[in-house]
Amino acid sequence: MKRKNWLALLLTLVLALSALLAGCSANNNSSSQSKNNSSSGTQTAKTDEQVLTLNLAADPPNLNPFTSTDVASFDVLNDVLEGLTRYDKDGQLKPGSGLAKSWDISSDGLTYTFHLKDGIKWSDGNPITAYDFEYSWKKVLDPKTASQYAYQFYYIQGAEEYNSGKGSADQVGIKALDDKTLQVKLKAPAPQFLGLTAFGTYLPQEKSFVEKVGVDKLGSSPDTLVYSGPFVLKQWNHDQNLVLEKNPDYWDKDSVKLQKVNLLIIKDANTQAQNYDNGTLDQMRVPSDLMDKYKNTKEFSIKPVATNWYIQFNDKKGIFKNVNIRKAFTLAIDRKAFTEQVLKNGSIPAESIVPPGVPGYNGEDFSKQDGSPFFKDNDVQAAKDYLKKGLEELGLKELPTITFTADDTSAAKKNAEALQQMWNQNLGVNVQIKNEAFKIRLDDMNKGNYDMVLAGWGADYNDPMTFLDMWETNNGNNTAFYSNPEYDKLIDDAKSTPDLKKRNDDMIQAEKIAMNDMAIGPLYFQAYAIVTKSYVKDLIVPNFGTDWELKWAYIEGKNQ
């Protein structure tokens, strides 16, 4: 741990020295020019360098769009790749916002025909074609790829069958009609499908390039990815930083003002704040301990996002196979105290799965339709009763040693310790904390190497299904290993019905079942407390999807 802190400090010093040297060079040039101009009675204003520095916080496990599942990877992939669609500044999908100039949807909502722009090309100079999309999407579905996100294509005819080994690639309803035309046939109308075409797993790669580097190595380094987005990845120093540069081959390069983006990986909150204060970082999520320092400044803002954080239990082994033990640990948490005294960033207690603000039927807030809250916050007596009942059902007099896994950032450590204290105080149980690097934690979750873990899920698209279908049996992202046949049927029915009201009702019933089973223990719905330097313009923090949108960001007034 100390070694990692020294690495972060060393990186900070190197970056600061580099900035100082660059500043001296610029000042010297400016000073010389100022002297020359002064003799003629004129002065030249300094030009803002279009360089943005942010904190990615975690090293991406990989940058392979076929297999990535985490927000750190998708943040970078969204910067360097582009799909058929891209959300605009206002968070809307409009024709021409991505690589597709337009699309047609059949009257029955089953056939989507996308028409690609002219002149779009990969960073290696080759044209981007509809065949690249067909290849990439089917590669995700190829069982050999083992993509956890393959289920996001199951709305397409033949996709699930191919992915499960019961069908062939030729039977999948994805077909390039020519270089510029991609046709997609769905099993049933899916209102979220268009939004999915902007999602990370739907981002394409060039067939010839993938075949050259290999699927297993794709996205493992800057030279094993070919780029179609606003930026290209130039450097990747693992656990230290990534460097992006403007993509000169991007179709909309004139809209991209930034020339370079530095993505640091700083896990310690105090180190992060020091980097913001000294001008190294241009934006920062405010650590809870420093909220009072920043909250009254002009640079401070709070941004609610469609993300839920929860206690994920290992539902397939150990004591957490028991529903009453899961309920005990869920109800013993004081969410109000946790959000107000620990997080202090505008996040709110969660007593359901789907966050507020996600649209349900007729565009109304789903959380106002689903009947939540599904349990009482900080219900200590009920928690004790559930614990007693669960122990009796398991034939135990006391709980075995329980390990609670969380990330190794300073914020994650603080959050885990607060929950540890609540469980000890309200249930009288001792929980051991295990802090791990982000990618190791994800790997342990995938393998089931945990008892319970502090986990979060951000919306992939603006629909309740993004929070619900992941808990189906055998879903690639169901690392809680929750399974309920009735739940599965409701989710499958919701995906296959053309009746949007029934679809909504099925999702509501499914959420109720998952909460009755306490598949996960909801903790809080996230908000970001952010400080942003005044010279940073149009750096968008979306409500869902990635943590930021850099395409339109620029620097103005930094040198004034």
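Q: Which helices and strands do the buried residues of helix 10 pack against?

A: The model is a predicted one, and in it helix 10 covers residues 335-343, with buried residues that include Phe338, Val342 and Leu343. A residue counts as buried when its relative accessible area is under 20%. The partners of these buried residues are helix 8 (291-294), helix 9 (323-331), strand 11 (348-349), helix 12 (410-427) and strand 15 (520-532).

Q: Which residue caps the N-terminal end of helix 10?

A: At this end of the helix, a side-chain oxygen lies 3.4 Å from the backbone nitrogen of lysine 336. Just after helix 10, lysine 344 takes a positive phi of about 55°. The residue that supplies the capping oxygen at the N-terminal end is aspartate 334.

Q: Which strands stand at the edges of the open sheet of 4 strands?

A: The order of the strands in this sheet is 2-3-5-4, and their pairing is antiparallel.

Q: Which residue in strand 5 is the bridge partner of lysine 175?

A: Strand 4 and strand 5 form a hairpin, with 2 residues between them. The two strands run antiparallel and are joined by 4 bridges, strand 5 being made of residues 181-185. In strand 5, the partner of lysine 175 is glutamine 183.

Q: What angle does the direction of helix 3 make with that of strand 4?

A: Helix 3 (residues 130-141) packs on the sheet, where it touches strand 3 (111-116), strand 4 and strand 5. The angle between the direction of helix 3 and that of strand 4 is about 165°.

Terms used:
Residues numbered from 1 in each chain as written. Predicted model: local features only at pLDDT ≥ 70, side-chain atom pairs only at ≥ 80, totals over all residues. Heavy atoms only, no water. Pairing = 2+ DSSP bridges. Contact = heavy atoms within 4.5 Å. Axes fitted to C-alpha atoms, helices over the stretch in contact; angles between N-to-C directions. Buried < 20%, exposed > 50% of the residue type's maximum accessible area, 1.4 Å probe, protein only. Polar contact = N/O pair within 3.5 Å; in protein donor to acceptor, adjacent residues only side chain to side chain.
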